[in-house]
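Morning, everyone. Let me put the model up, and then we'll go through it.

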Amino acid sequence: MPTSSPLILVINSGSSSLKFAIYPVGERKPLASGLAERLGQPDASIRFDVDGDKTRFPLSVTDHQGAVDALMAFLKEHGWFERVAAVGHRVVNGGERFTESCIVTDDAMIEEIGTCPFAPLHNPAHAIGLRAAVRAFPALKQVAVFDTAFHQTMKPEAYLYALPRKYYRDLGVRRYGAHGTSHQYVSHETVRLLGLDPDDSGVVVCHLGNGSSATAVWNGKCVDTSMGLTPLEGLVMGTRTGDVDYGALAYIAKKTGLDVDGLERMANRESGLLGLSELSNDCRTLTEAAQAGNHQAEETLDVFVFRLCRYIGALTAALPRLDAVAFTGGIGENSAYIRAKTLKRLSALGLDLDEEANAGVFGGRSGIVSRSRKPVAIVVPTDEERVIAEDTARLAGLLPVTA
Ligand code: ADP
């Protein structure tokens, strides 16, 4: 790699954290990455990771700007600052307004991103990160890459709720989906790795992490996804319910006196794997407990798997043909236990399990985990930062022109 090649800084700004990665244009692996944590707290710190060598420093200014300033100092120290040519930002929700990645043109646009009502925990934090990056790199193009953009190819039949239409018309209440950058990357990688025809292929991607979602992709385009207006709908997650009968929530509210905010908190933070197991939101902890004979942990994972299988079935029905099921995310990439339980239940779709291959795929490796080939099950590690870096390089005009 020429030492002069331009660099893309990728920023994922959360409410109390700021993740970053630095990519040379056209490279698959970052030069460095890191994470500022506990922003807003006195013990805020920043960690830099260069070639697996991790160093952590306390932040003297403990907010997002402090984190970006520390990042600038780090870039200068390594002689990389001058080479940063554009900054890419992850944005969780772009609503219907942002259907693809775009250059951030002015503060009004940052304001619009920050006030998107459908991701109240995430989007305001993205705006803070964007403003800090604009102050730090005023001459550079800032690119916003939206998690919802990939799902904007869904048709009304997939994105409309059967609520009174005025709520869609007046308030924008519809299904937007999430994890779109991951679904886009993994579905395209699946097609590439399996040698499928990009213009005649059906893939269901299962992104299973703390937040989980599954998406049906036909010829590279999303046709349906499990998450909805917010990231609460769909699969069972670490602390989120996924699908639940609204009637059950109304009944709980009437019986317990929980108000709307209380219900929202319960459904988002106290449910899912944590709520059902009464033990942990962490799949690994629950797997170990289940294997040690904890019945409630095992039953919780069974609910997780059953819901996932129901969704893979439903999403298959959205496709003309299913060629591949791809697993990704912390659980999808690492848990042979969850993949095995899932694939064993999907014989109706022609899927099965290759026990030995499945046991050998974890820790960032990709690989086929079914004996069946039509359809086939594959693990594909996700790489959202890389998609953001590539989109940023493209929009900032940094890619070499090919004939
Ligand atoms: P996030 O949605 O926060 O990005 P991740 O994609 O990092 O989450 O996934 C976190 C989940 O992955 C946790 O539930 C964790 O237990 C699970 N996980 C990671 N490694 C393993 C493993 N070896 N076996 C089972 N689960 C794992």
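By class, how many nonpolar, polar and charged residues are in the lining of the largest cavity? Six nonpolar, five polar and no charged. Here Ala, Val, Leu, Ile, Met, Phe, Trp, Tyr, Cys and Pro count as nonpolar, Asp, Glu, Lys and Arg as charged, and the others, Gly among them, as polar.

Some ground rules. This is a predicted model: local features need pLDDT of at least 70, side-chain atom pairs need 80 or more, and totals for chains, interfaces and linings use all residues. Numbering runs from 1 along each chain as its sequence is written, and side-chain values use heavy atoms, without hydrogens and water.

Back to the cavity. The whole-structure search finds one cavity of 30 Å³ or more. A cavity is a set of points on a 1 Å grid, over the protein atoms alone, where a 1.4 Å probe fits but cannot get out; lining residues have an atom within 4 Å of a point. The largest cavity holds about 50 Å³, the volume being the space filled by probe spheres set on points joined across faces, edges and corners. Its lining includes V92, F118, T148 and P231.

Next, backbone. The K374 to P375 peptide bond is cis, with omega near 0°. P375 sits in the loop between strand 13 (367-368) and strand 14 (376-379). Strands are DSSP E runs of at least two residues, helices H or I runs of at least four, numbered from the N terminus.

Now positive phi. R38 has phi near 55°, in the loop between strands 3 (32-37) and 4 (45-50). E278 also has phi near 55°, between helix 9 (272-277) and helix 10 (283-291).

Definitions and conventions. On a 1 Å grid over the protein atoms alone, a cavity is a set of points where a 1.4 Å probe fits but cannot get out, and a pocket is an open set with protein on both sides within 12 Å along at least five of seven lines; lining residues have an atom within 4 Å of a point.
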